[in-house]
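Me: I am new to reading protein models and would like to learn how to look at one step by step. Could you take me through the features?

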Amino acid sequence: MGQDVELLDVSMRFGEFYAARNINVHIQAGEFFSFLGPSGCGKTTLLRLISGFMDPSEGQIKIGGKDMRGIGSNIRPTAMIFQNLALFPLMTVENNIGFGLEVRGVPKAKRKKKVEELIELVDLYGTGDRMVNELSGGQMQRVAIARALAVNPAVLLLDEPLSALDLRLRSQMRAELRNIQRRTGVTFIYITHDQTEALTMSDRVGVMSIGKLEQVATPDVIYNNPETIFVASFVGESNIIQGDIISIDGDYAVLKTTSGSFFCKNPQHMGQGETATIFIRPETVFLAKEPNADNVLTCRTKNLSFEGAYAVVTLTTEQGQLLTMRLNNDGTVPRIEEGENIKVRFSRENAFLLKNGGTPIA
Amino acid sequence: MKSSNSIFRIIIGAYLVLFFAYMFLPLIFMTIIAFNANEIPQITPWKGFTLMWFGELAKDDQMWSALWNSFIVAFSVVAISVPIGLGGALLLTRLQFKARNFVYGVLVSPILTPGIILGISTFLFWDSYMNIPGGLWTAILGQSTFISSYCMLLIMSRAQRFDLTQEEAAFDLGATHRQVFWKITLPFLRPALISSMALAFMQSFDNYNTTLFAIGVEQTLPIYIGTKLRSFISPAMNALAVVFIILTVIGAIAYEYRRRREMIKAGVKITPVPAAPVLRM
């Protein structure tokens with residue numbers, strides 16, 4: 001069964017460079033948790049800290065409530081699946097999977113039984129005596145999963161293990177990983193730069209920028225209520241409008257921009273006079289039916305690309321503000337030509353103001 | 001076009017004939033002499049076919065003791081040089097330290113040092129300063145100085161291709177450092193270790209100049225042959241050479257036979273080993 005993992009003020013410094021800085025997160029037992037961030041944000045470092053390949057410069061890591069400082073990765077209740085899988089090329093599939101048991105001195109008969117169980121779990125019938133380099137990419141992936149699960153880890157650490165697979169196989173393995181996690185109850189800590197992977201598989205996602213944990217929340221909260229500019233711009237696509245706050249109304253604020261003034265959610269409770277950025281998802285921008293409602297913009301269509309289920313319309317206001325709109329192909333949308341003038345609107349519920357600063361990724 | 005092609009073929013053919021003649025004629029002459037009943041090692045005059053030089057060789061106690069010494073020295077050199085080479089290779093491929101290039105230079109410098117100097121300095125150091133008289137021991141130490149560098153280079157070339165995450169994976173799965181080394185690292189390096197053992201053995205077995213100066217009054221086979229050739233020329237030395245040629249050919253055939261059988265087992269199509277990297281234009 002899974003155990004919980006607690007990171008308390010964890011920092012990792014290499015010389016002057018902080019690969020991770022004051023990370024605080026409590027990953028629950030049996031949770032599927034993902035660290036999502038661009039390459040070089042320090043997520044691999046976090047994984048290596050949890051697995052015990054190195055100890056943090058500052059802070060504490062607890063697994064199952066026990067402080068892990070000084071405990072090597074061969075003793076920690078964790079197992080890791082490496083990005084390149086790191087299968088042992090000179091061994092058969094069986095010996096790869098049974099390696100962890102062999103070095104722990106598990107007798108041969110017992111080992112064989114466990115290996116057979118795992119081969120069944122990851123669907124690798126009939127490959128037991130093959131060498132690992134005779135397998136397909138997907139099969140190798142399964143060997144790596146089985147090998148890690150063989151030692152009954154409380155926490156399974158996965159370092160972008162799907163990145164080498166093709167698209168179809170990747171989505172298939174995603175479902176399978178989720179399935180294996182549910183069946184085994186092991187805590188999964190998954191790191192990836194692929195937001196779809198993180199959002200589809202995880203119970204919770206921690207979004208990381210350079211060395212910093214920006215937000216920890218469920219996938220829908222990450223997408224719908226990002227707390228920082230970084231999260232908003234890294235996860236999903238967004239329209240970005242900048243301006244100054246001219247008035248506050250409870251949880252809402254009015255932002256004055258060159259293209260007009262807009263009502264928006266103000267989750268960070270910024271004050272009047274501050275400069276801020278509005279984030280609006282393309283799928284929450286609609287054609288305006290009542291021209292005098294709030295948050296209406298007059299735009300010219302620049303480009304229209306029809307993608308079947310929806311169309312992506314690129315718009316520009318008179319002042320040069322760019323907007324993207326995603327129109328669902330539900331039969332009610334009038335035909336729009338490129339170069340046409342149209343009015344679009346967005347609801348104040350779907351537009352949120354965030355503080356400028358940090359490192360937005362556009 | 002056709003005529004220039006055939007001229008080209010003639011030139012290539014002539015080149016190959018000359019090349020193989022240059023390589024093999026001395027060996028062929030030497031072999032024939034070993035069977036000539038002439039006491040002076042010459043092809044002519046042919047005094048009849050004989051095996052007596054082989055008999056004489058077999059009766060030569062000095063030769064047998066030199067051969068025995070050669071084996072002792074060669075096996076000892078293997079036992080010393082391969083572990084040292086392995087240690088050096090692991091050190092240089094894993095650790096990133098400032099003095100790495102300097103250490104590398106020091107470790108390969110014995111290869112660049114003339115063998116005579118290695119021999120003399122080994123002998124002087126042990127014999128004059130450490131009061132350990134020159135003999136097989138000093139020959140072993142002298143040879144190991146540069147043979148371990150060869151072993152290191154050979155092992156390094158494979159160690160560089162090792163994926164270190166395999167060790168991390170093994171460690172992560174619960175292996176101790178010792179288990180990681182014996183079950184993961186060493187099996188990967190095995191082919192390089194075997195070839196460095198063979199290389200060390202052969203380098204030691206036919207080493208002349210370092211040994212000559214380090215060994216004092218003892219003799220290994222090359223030293224024995226050298227002494228023999230200088231003092232008294234006998235076709236028995238040709239007989240010895242023939243024995244070695246036969247052993248080498250048997251060894252090469254056995255190796256090739258094994259290689260082909262293993263490749264058939266692995267289902268690989270047999271291709272001849274290219275003597276040199278093939279250039280593709």
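Reply: Happy to; we will go from the overall build down to single residues. Please keep in mind that this is a predicted model.

Me: Let's begin with the whole chain. How many helices and strands does chain A have?

Reply: Chain A holds 8 helices and 20 strands. Its C-alpha atoms fill a box of roughly 80 × 45 × 30 Å along the principal axes. Of the 362 residues in chain A, 40% count as buried.

Me: Into which domains is chain A divided?

Reply: There is domain 1, covering 5–231, and domain 2, covering 237–355. Between the C-alpha centres of these two domains of chain A there are 39 Å. As for contacts, 4 residues of domain 1 meet 4 residues of domain 2 in chain A. On the domain 1 side, these are 1 nonpolar, 2 polar and 1 charged residues.

Me: Which residues is Ile189(A) in contact with, leaving aside its neighbours within four places in sequence?

Reply: Its partners are Val5(A), Ile27(A), Phe33(A), Leu47(A), Ile50(A), Val155(A), Leu157(A) and Leu158(A).

Me: How should I read a pair of strands?

Reply: Start with a general idea: in a regular strand, side chains alternate between the two faces of the sheet. Then check direction and partners. Here, β1 (residues 5–14) of chain A pairs with β2(A) in the antiparallel sense over 7 bridges. Leu7(A), for instance, stands opposite Val25(A) in β2(A). The two strands β1(A) and β2(A) form a hairpin with 2 residues between them, and Gly15(A) in the turn has a positive phi of about 65 degrees.

Me: What is the strand order in the open sheet of 5 strands in chain A?

Reply: The order is β15-β19-β16-β17-β18, with antiparallel pairing. At the edges stand β15 (285–287) and β18 (322–328) of chain A; each has a single partner strand, so one side of each is left without a neighbour in the sheet. On average, neighbouring strands of this sheet are turned by 50 degrees against each other, direction ignored. Within chain A, 7 bridges join the antiparallel strands β16 (residues 296–306) and β17 (residues 310–317). One bridge pairs Phe306(A) with Ala311(A) in β17(A).

Me: And what can the phi angle tell me?

Reply: Most residues other than glycine have a negative phi. Asn22(A), which is not a glycine, has a phi near 45 degrees. Asn22(A) is found in strand β2 (residues 17–27) of chain A and, with 15 C-beta neighbours inside 10 Å, counts as partly exposed. Leu85(A) has a positive phi too, of about 70 degrees. Leu85(A) sits in the loop between β6 (78–81) and α2 (93–103) of chain A, and is buried, with 21 other C-beta atoms within 10 Å.

Me: Finally, how many residues of each chain take part in the contact between chain B and chain A?

Reply: Chain B brings 16 residues and chain A brings 17 residues. On the chain B side, α7 (165–172) and α8 (177–205) are the elements that give two or more residues. The largest share of that side, 7 residues, comes from α7(B). By class, the chain B side has 8 nonpolar, 5 polar and 3 charged residues.

Terms used
Residues numbered from 1 in each chain as written. Chains lettered and ligands numbered in written order. Contact = placed C-beta atoms within 7 Å. Helix = DSSP H or I, 4+ residues; strand = E, 2+ residues; numbered from the N terminus. Buried ≥ 20, exposed ≤ 12 C-beta atoms within 10 Å, placed from the backbone. Domains from an automatic or database assignment. Nonpolar A, V, L, I, M, F, W, Y, C, P; charged D, E, K, R; others polar. Pairing = 2+ DSSP bridges. Axes fitted to C-alpha atoms, helices over the stretch in contact; angles between N-to-C directions.
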